[in-house]
Amino acid sequence: MSTYQYNQEALKNLQIEDTSVLDRLVDFASARQAHLRKDHAKVDKRMSLKDAIATFVADGDCMTDSGFAYVRTPHQAYWEIMRQGKKNLQCIAAPNTNHSFLIFNNNCTYSHNSYVGVEMRGIDRNYDRMLRAGRVKILSEWSHGGVALGLKAAQLGAPGLFSKQMLGSDMLKYNPYTKVMQNPMRDDPDPVVFIPALYPDVSIIHCQVADKYGNGWIYGPSVNDVATAAAARKLIITAEEIVPESEIRSRQGTVIPFFYSDAVVELPFGAVPGNMPGYYYWSRQWWEKLIRFGCASDENLKVFFDEWVHGVKDQFEFVDKLGGARWIAEARIQTKAAEGDHEDIDFSYDEFTKTHDPGRYY
Amino acid sequence: MRDLNAPANPLEMLAYVLAQQIHDHKIVYIGTGIPMIAGILAHKTHAPNITMVYESGGQDPLPKDLPWSVGCPFTWRKAPVVMEMAYSFAQCCNGFVDIAFLGFAQVDMYGNVNTHQIGKDLLHPTVRMTGSGGNNDLSSLTEEVVLVGVQTPDKFVKNVDFITSVGHLTGGNSRREAGLVGKGPIAVISQCGEFDFEPVTKRMRVKSLMPGWTFDFTQQFTGFELLKPEGEIPQTPVIPDDILKLLRTEVDPRGVFTTMPTA
């Protein structure tokens, strides 16, 4: 029997009969225990990406998509999850763009959804097909802010937060975790939404820089990552560079504390083919090809992932396919120019369309 | 290559009207797509002192190229503050943000927005779309909201298939009674013209129409009954030649948002 009182209307609308599948996300006691049981000693946690994924991502885990869809997102770790064939993952995040590809690859079966798509490049037709084919089951619908508040509540050590978001929307009819309540401080009617603290099982966060103990330094938008790092039962830090601890101590900015981290992976190009602030721009043609060609049909997406995920061993082979040293140089100039740290450049490029494959990725 | 001398197309006219909703010195929350064009166009023309803020956390970036994502470097280029997502939305609730610009797949007569799906059944939609993203948060929390999209009877519908974001809900005071913050949608901009919401019923009303559009013709592009304003319907301001040139050369030189899709 569940000890949680889920929103009954949402359970009915989502046709969820066995609610145990929902419990982990709001199970504070087990998250606290997991945090207590971590090795709190300041020790060298470095390992390979393969070992980190094999050790800390378990079948059935609830995982988060960190960064912002294709900005500082641990794509190479996702590809490794796909290659290792993890099963029955749940995914929650804001945005939740990349779980679509894990669903196609039979790694993810449950969605706590907020947003799937590549913004101005278009709607992800793969997610549409997966949903209609019953290959993924939606467990809850959220706004970005709703997810952000649930993760933030966990980081704050609060059982939940009251929100003004999502009121009156149909998402509340499809979210077993949320409840509309009267603001207890007010006499007059003042509806609020209770959003419980959310505790994913595992978060993988790609940082620009980390030390061997797992202090992870982030430049650019940290989005929800500081919250997910604190909330998740298990945390894998992947980083472009591993630096001495003294270097982290001398930096200012956002740092995830080492004692949250279970594994540290030195993973240059870990966010490829997304954008890594300070390091490399996203490959616009790669994403256009994914959305316009790959996501157009199951057959196409299989071809696409066979080539880009299952057909490559690691991120270095991926970078070679993107254009190798030339891609690295161009992508570095592009991201620095975009951030205002390089002389202005012309951002026009040869776009991938359904009828034109430029054959280059920068 | 864009023909700089071609007459303005409907999307360019729309972008101009949208930009006119932005007043100088305001804090403007920008969603993905055409709102970005409007923000940058306003900034380059009549509203050089606006501050743009984004949901990934970038606040007051130095303008450069058109952002390709609300998380991309152009949303936080040399920004004095890049804050977490939860805090960025909270600013709308706390009254620091003046106006938000949002797109939609469907909108109804009360300005309720759907970005979730076509079809009523979430488990078996006809087409699944993106979901909320920040659309609901901005619509729920920001003082003023402007909606923008292409108008067809399939998009301007009697009832949206899914309420992603509440506008004026069922009209009257229902938005406030549902507990939401802010005024809700104050305008809808499409290629047909500008719409506002009648103050009592909160139903969508024609405010002005683009050249060549009549009320009856616009009604045919609408899946619900539009309200007609008192008196003669004014013409929507048309993009002047110099601003059109600026749009084509500096704001959207590659025509990402403001070229008409080809068959």
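**Notebook: helices, a sheet and a chain contact**

I began in chain B, where the axes of helix α1 (residues 10-20) and helix α2 (residues 34-44) come within 8 Å and cross at roughly 60°. Axes here are lines fitted to C-alpha atoms, for helices over the stretch in contact, and angles run from 0 to 180 degrees between N-to-C directions. Helices (H or I, at least four residues) and strands (E, at least two) are DSSP runs, numbered from the N terminus.

I noted the source next. This is a predicted model; local features need pLDDT of at least 70, side-chain atom pairs count only at pLDDT 80 or more, and totals for chains, interfaces and linings use all residues. Residues are numbered from 1 along each chain as its sequence is written, and chains are lettered from A and ligands numbered from 1 in the order in which they are written.

**Back to the helix pair**

I looked up the hand: α1(B) passes α2(B) in a right-handed crossing. That term applies if the near helix is turned clockwise from the far one by less than a right angle, and left-handed if anticlockwise. From α1(B), I listed Ala15(B), Leu18(B) and Ala19(B) in the contact. From α2(B) come Ile34(B), Ile37(B), Ala38(B), Leu41(B) and Ala42(B). Two residues are in contact if their C-beta atoms, placed from the backbone, lie within 7 Å. I sorted these residues: eight are nonpolar, with no polar and no charged ones. Nonpolar means Ala, Val, Leu, Ile, Met, Phe, Trp, Tyr, Cys and Pro; charged means Asp, Glu, Lys and Arg; the others, Gly among them, are polar.

**Phe197(B)**

I found Phe197(B) in strand β12 (residues 193-197) of chain B. Phe197(B) counts as buried because 24 other C-beta atoms lie within 10 Å. The cut-off for buried is 20 or more such atoms within 10 Å, for exposed 12 or fewer, with partly exposed in between. I checked its contacts beyond four places in sequence: Gly111(B), His168(B), Pro185(B), Lys202(B), Arg203(B), Met204(B) and Arg205(B). Ala187(B) is ten residues away along the chain, and its C-alpha is 7.0 Å from that of Phe197(B).

**Where chain A meets chain B**

I looked up the contact between the chains: chain A gives 53 residues and chain B gives 52 residues. On the chain A side, α7 (125-132), β4 (137-141), α8 (144-156), β7 and α14 (324-339) each supply at least two residues. The largest share, five residues, comes from α8(A).

I then checked α7(A). Six of its eight residues are buried. They are Arg125(A), Asn126(A), Tyr127(A), Asp128(A), Met130(A) and Leu131(A). These pack against α6 (99-104) and α12 (298-310) of chain A, together with β9 (127-128) of chain B. Just after α7(A), Gly134(A) has a positive phi of about 75°.

I turned to α14(A). Its buried residues include Trp327(A), Glu330(A) and Gln334(A). Part of their cover is α13 (315-322) of chain A. Gly340(A) follows α14(A) with a positive phi near 90°.

**The sheet in chain A**

I traced an open antiparallel sheet of three strands, in the order β5-β7-β6 (chain A). β5 (160-163) and β6 (179-182) are at the edges with a single partner strand each, so one side of each has no neighbour in the sheet. β5(A) pairs with β7 (residues 191-196) over four bridges. Strands pair if DSSP finds at least two bridges between them. I picked out one bridge: Gly160(A) partners Pro196(A) in β7(A).
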